[in-house]
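Keep the sequence and the coordinates at hand.

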Amino acid sequence: MIIQELNTNFGCYIDGFDVASSVVDEHVSEVKRALSKYKFVVIRDINLEPAGLENLGSKFGPFADDPYLGCLDNYKHVIEVKRDARETTPIFGSDWHSDWSFQKTPPIYTFLHAKKVPPVGGQTTFADCVAAYDRMSPNERGFFKKIRAKHTAAKAYGPDGLFSNDDSTRAMKIRVSNEANDYVYHPLIRTITETGEKSLFINPVYTVDLLDSNNESVGCKIDDLIRKITMTEHQFKLSWDAGYLVIWDNRRVIHKAEGGYDGYDRILLRVTIGSEIPK
Ligand SMILES: [Fe+2]
């Protein structure tokens, strides 16, 4: 297996990953180490069907809970992230987010495997939430370590959310629900158990308010913090090829889907793995 770093401690390409039974456990261990170091990995030239993706995902931990999205028939942990050539709805996942951060125990890893990619557009952009914390001054760190962030799915999956306005061209199975109005509080600065790193756990889709230790809102800081994370020089925009399998750590990166491929189909398979209470 060959690992090629994209940027210091943020993202890598992996070539030569083999799912053959004789080496897969050794390769999975190497990928886990790379994920721990780089926060997301791009495994190239691999071809998995839904059963194979579930099987590989399960080697990284238990399946997480995926609300609001319909799974594939016969593969209850696999979601088809797809868009049809003639679709006119908003691009799925097109603003910065960490998957399912509104859950009490949000997922740790997302696996996304490209089956059909358009010749233009459709990239996924990542931003490094640990680097954003590292760039903060001691004063900022002191202030923000006491902040709790309110997360909810309401703006996306609620009865008045983005997906409630979909027209019939949406290819993905998305369920709008009152449950999406529920909310949770997570620490704004979370510590990554395995590495001890600190990460800014916030995103503009699901984080709707910030509370200080007196339970006073400091929500006006949300945009500032998102800007800190998404400085252009700390982003990576991935152009997909069919056969890529990207695994990212939702605790340490945020991501967004780019459009720009109207008139083309795009199909990826997704599983989410592991979950924990942010601390
Ligand atoms: Fe996402």
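How many residues does the largest nonpolar core have, and which of them have the most contacts inside it? The core has 63 residues, and those with the most contacts inside it are Val41, Cys129, Leu200, Val246 and Ile247. A nonpolar core here is a set of buried Ala, Val, Leu, Ile, Met, Phe, Trp, Tyr and Cys residues joined through C-beta atoms within 7 Å. A residue is buried if 20 or more other C-beta atoms lie within 10 Å of its own, exposed if 12 or fewer, and partly exposed in between, with C-beta atoms placed from the backbone.

The model is predicted: local features need pLDDT of at least 70, side-chain atom pairs count only at pLDDT 80 or more, and totals for chains, interfaces and linings use all residues. Residues are numbered from 1 along each chain as its sequence is written.

## The chain as a whole

The chain comes to 6 helices and 16 strands. Its radius of gyration is 18 Å, close to the 19 Å of the globule rule for 279 residues, so the chain is as compact as a globular protein of that length. The radius is taken over C-alpha atoms, and the rule is 2.2 Å times the number of residues to the power 0.38. Along its principal axes the C-alpha trace spans about 55 × 45 × 30 Å. Of the 279 residues, 38% count as buried. Residues 24 or more positions apart account for 80% of the contacts with a separation of 6 or more. Two residues are in contact if their C-beta atoms, placed from the backbone, lie within 7 Å.

Helices (H or I, at least four residues) and strands (E, at least two) are DSSP runs, numbered from the N terminus. Two strands pair if DSSP finds at least two bridges between them.

## The eight-stranded sheet

An open sheet of 8 strands has the order β1-β2-β3-β14-β6-β16-β5-β4, with mixed pairing. β1 (2-5) and β4 (71-72) stand at the edges with a single partner strand each, so one side of each has no neighbour in the sheet. Inside the sheet, β6 (residues 107-116) runs antiparallel to β14 (residues 245-249), and 5 bridges join them. Threonine 110 stands opposite tryptophan 248 in β14.

Helix α1 (residues 24-38) packs on this sheet and touches β1, β2 (12-15), β3 (40-43) and β14; its direction makes about 135° with that of β3. Helix α2 (residues 50-58) also packs on the sheet, touching β4, β5 (75-83), β6 and β16 (266-275), and makes about 115° with β5. Axes are lines fitted to C-alpha atoms, for helices over the stretch in contact, and angles run from 0 to 180 degrees between N-to-C directions.

## The three-stranded sheet

Another open sheet has 3 strands in the order β9-β8-β12, with antiparallel pairing. β9 and β12 stand at its edges, each with a single partner strand, so one side of each is left without a neighbour. Neighbouring strands are turned by 30° against each other on average, direction ignored. β8 (residues 148-152) is joined to β9 (residues 183-187) by 5 bridges. With β12 (residues 207-211), β8 pairs over 4 bridges. The residue partners are listed below.

| Residue | Partner | Partner strand |
|---|---|---|
| Arginine 148 | Proline 187 | β9 |
| Alanine 149 | Histidine 186 | β9 |

Which residues of helix α6 (residues 222-229) are buried? They are Leu225, Lys228 and Ile229. They cover an arc of only 95° around the axis, which puts them on the same side of α6. The arc is that of the directions from the helix axis to the C-beta atoms. The face turned away carries the exposed residues Asp223, Asp224 and Arg227. What covers the buried residues includes β7, α3 (129-134), β11 (198-200) and β15 (253-257). Leucine 200 touches Leu225 and Ile229, and its other contacts include Cys129 and Tyr133, not counting residues up to four places away in sequence.

## Two loop residues

Alanine 64 lies in the loop between α2 and β4. Is alanine 64 buried or exposed? Alanine 64 is buried, because 23 other C-beta atoms lie within 10 Å. Its contacts include Pro107 and Thr272, not counting residues up to four places away in sequence.

Glutamine 123 sits in the loop between β6 and β7 (124-128). Glutamine 123 is partly exposed, with 17 other C-beta atoms within 10 Å.
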